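This report examines selected features of a protein model. Please consult the sequence and the structure while reading.

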Amino acid sequence: MSTRPRHLIRSLLLALPLCCLSVHAQQADDLQQRMSSAEFKAAGLDKLSPQELQNLDDWLRKHDKAVTKMVDASGKPVFYTETQKRSKINAHIAGHFDGWHGRSQFTLDNGQTWEQVGTDTPSCMSSDNPAVKVKPSMLGNWLMYVDGCNDSAHVKRVR
């Protein structure tokens, strides 16, 4: 037997474990391997049929853009990822609005809470449950427009 076929056989034998590792890594994407048995059961996934669980695993693999990180490095909540398209929010302030006072916080009727960034105090009329528009601005910033105000204010979402 020449050295060439022996060399080829050795190469194939060395490559076989790598193929097995690749298959194992693909299987580790399944929820049952990624979660502890307690987490799996607490999520109710143990009640799914094998086919339903496979369908869920397939869907999660196709939609791998889902973000599980909910806080940044400083521990502050992350509401919009860099890859997520930000869009305008139309809502109402829940309760009374008496203008901007710098660092003001406003809870909207959709459950979101926004805080004024900076100390600008645009002129506004006092009102109950005014309509608001929160629009994406440049560099990841947001602007809030309140009905009855002459100008917008920069805000950030806090809840």
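## A buried cysteine and its partner

The model is predicted. C149 is buried, because its relative accessible area of 16% falls under the 20% limit. C124, in contrast, is partly exposed, with a relative accessible area of 23%.

These two cysteines are joined by a disulfide, with an S to S distance of 2.0 Å. A disulfide is a covalent bond between the sulfur atoms of two cysteines. The count for this model comes to one disulfide. The link of C124 and C149 is right-handed, with 115 degrees about the S-S bond.

## The loop between β7 and β8

S152 is also found in the loop between β7 and β8. Is S152 buried or exposed? With a relative accessible area of 14%, S152 is buried. Apart from residues up to four places away in sequence, S152 touches P122, L143, M144 and Y145.

## The loop between β4 and β5

G118 lies in the loop between β4 and β5.

Which residues does G118 contact, leaving aside its neighbours within four places in sequence? They are G102 and R103. G118 and G102 are 16 residues apart along the chain, and their C-alpha atoms are separated by 5.9 Å.

Conventions
Residues are numbered from 1 along each chain as its sequence is written. This is a predicted model: local features need pLDDT of at least 70, side-chain atom pairs count only at pLDDT 80 or more; totals for chains, interfaces and linings use all residues. Side-chain values use heavy atoms; hydrogens and water are left out. A disulfide is a pair of cysteine sulfur atoms within 2.5 Å. Buried means under 20% relative accessible area, exposed over 50%, partly exposed in between (1.4 Å probe, protein chains only). Helices (H or I, at least four residues) and strands (E, at least two) are DSSP runs, numbered from the N terminus. Contact means heavy atoms within 4.5 Å.
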